[in-house]
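The sequence and the structure are shown first.

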Amino acid sequence: MHSHSAAVIGASGYSGLELTRLLARHPHARLTAIYSDRWSGERAGARLPLPGPAASLAYLPLAEGEAADADVVFLATPAEVSADLVPRLLARGAKLVVDLSGAFRLTDPAAYPAWYGFTHPAPELLAEARYGCPELGREALAGARLVTNPGCYATTIALALAPLVRSGVASPDGIAVTGLSGVSGAGRKSSEDYSFVEVSDDLRAYRLGRHQHVPEIEQTVARHAGACGPISFSPVLVPIRRGILATAVLRPAPGATQADVAAALERAYGDEPFVSVRAPDKVAVKDVVHTNRCHVGAALDARAGALVAVSAIDNLVKGAAGQAVQSMNAALGWPETAGLDLLGG
Ligand SMILES: NC(=O)C1=CN([C@@H]2O[C@H](COP(=O)(O)OP(=O)(O)OC[C@H]3O[C@@H](n4cnc5c(N)ncnc54)[C@H](OP(=O)(O)O)[C@@H]3O)[C@@H](O)[C@H]2O)C=CC1
Ligand SMILES: CC(=O)N[C@@H](CCC(=O)OP(=O)(O)O)C(=O)O
């Protein structure tokens, strides 16, 4: 297993910081370049506690070379920026590009104006991009040149829904989901709406029915389970720093039992290093935060004729940087846990 050089673009963002932390300690990847305009010239060690060689790396302005000579390039940048950079990095011969934004997640280019607000500049790459959720399709990742890392809500929700629909214990139609997210999910936004005074001691729903992860969740569940009807999704901002907890309400199949539900989840995740099945009232953000883990559980509510699934992740680890490293490992043939097993959980 020889070592590959790795670069992070968008290294000053919340996901970029997590990537820097993880790659600096990765056993097979060597972090060789970190890009940030706002921290240009500063040493990484002055921002983060890092081991020797990574601590002395200086942040580079994005204009300087765009990580052209790194084997693996991670993009933790806004979607429009990634959509523009990815084709250039691939054309320059990067061995693997892992994009953490939504720029390459949807296979249909026509969906971009409606859900992301821009016309896709590289629609030909959407078919090539491999969706980086190993638990829902690691085969597709081996040898990938472009990995599109899933959204944080999409990871949390698709990991709960996919095995329940695929096994037939729940219908692919009539699914409704509420997702509660910590504020780091919004990135380093300077907008007043995310200031301490605005978010603390408050709970608020946003982008009801028009969140950009809706088509991604539908596409992922349909790809894995064979079908998925329109999902109603209600995101809610909660005043914690990191973590997502989602509750999904599904229609159970006639005659489905709690044992069938438990068996569907166990079959899907019994051998997974990062996904664990729990009783739904034992799924909690505090057990997954700062880890690459997802905890998932589901219970039949026979009185209401509903199947309720609960799942939780850390939005910056399994929802972003950790999953990106896991997918790099899968793409390059390294053990999926490499560089992630130092995290607790
Ligand atoms: N936060 C989360 O929980 C998750 C985020 N994502 C996605 O990952 C990507 C990074 O997210 P996050 O870490 O939250 O982002 P942040 O807002 O915290 O940081 C954005 C980063 O992108 C860089 N950047 C480069 N070009 C631009 C530009 N034109 N405008 C703004 N920033 C630019 C910034 O660097 P600098 O200004 O220093 O050059 C900064 O490092 C996004 O696409 C996001 O949607 C995905 C899953 C979860
Ligand atoms: C709390 C909060 O604002 N969360 C973000 C999380 C999604 C995200 O990071 O967006 P991408 O699809 O670009 O990855 C949001 O709802 O947009």
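Two strands are taken to pair if DSSP finds at least two bridges between them. In this predicted model, strand β1 (residues 4–9) and strand β2 (residues 29–35) pair in the parallel sense over 6 bridges. Within this pairing, Val-8 stands opposite Ile-34 in β2.

Both strands belong to an open sheet of 7 strands with parallel pairing, in the order β3-β2-β1-β4-β5-β7-β6. The edges of the sheet are formed by β3 (59–60) and β6 (130–131), each of which pairs on one side only.

The domain assignment of the chain gives two domains, listed below.

| Domain | Residues |
|---|---|
| Domain 1 | residues 4–128 |
| Domain 2 | residues 153–315 |

Taken over C-alpha atoms, the centres of domain 1 and domain 2 are separated by 27 Å. How many residues of each domain are in contact with the other? In domain 1 there are 9 such residues, and they are in contact with 7 residues of domain 2. On the side of domain 1 that touches domain 2, helix α4 (residues 111–116) provides the largest share, with 3 residues. By residue class, this side of domain 1 is made up of 5 nonpolar, 3 polar and 1 charged residues.

Terms used: Residues are numbered from 1 along each chain as its sequence is written. Chains are lettered from A and ligands numbered from 1 in the order in which they are written. This is a predicted model: local features need pLDDT of at least 70, side-chain atom pairs count only at pLDDT 80 or more; totals for chains, interfaces and linings use all residues. Helices (H or I, at least four residues) and strands (E, at least two) are DSSP runs, numbered from the N terminus. Domain bounds come from an automatic or database domain assignment. Two residues are in contact if their C-beta atoms, placed from the backbone, lie within 7 Å. Ala, Val, Leu, Ile, Met, Phe, Trp, Tyr, Cys and Pro count as nonpolar, Asp, Glu, Lys and Arg as charged, and the others, Gly among them, as polar.
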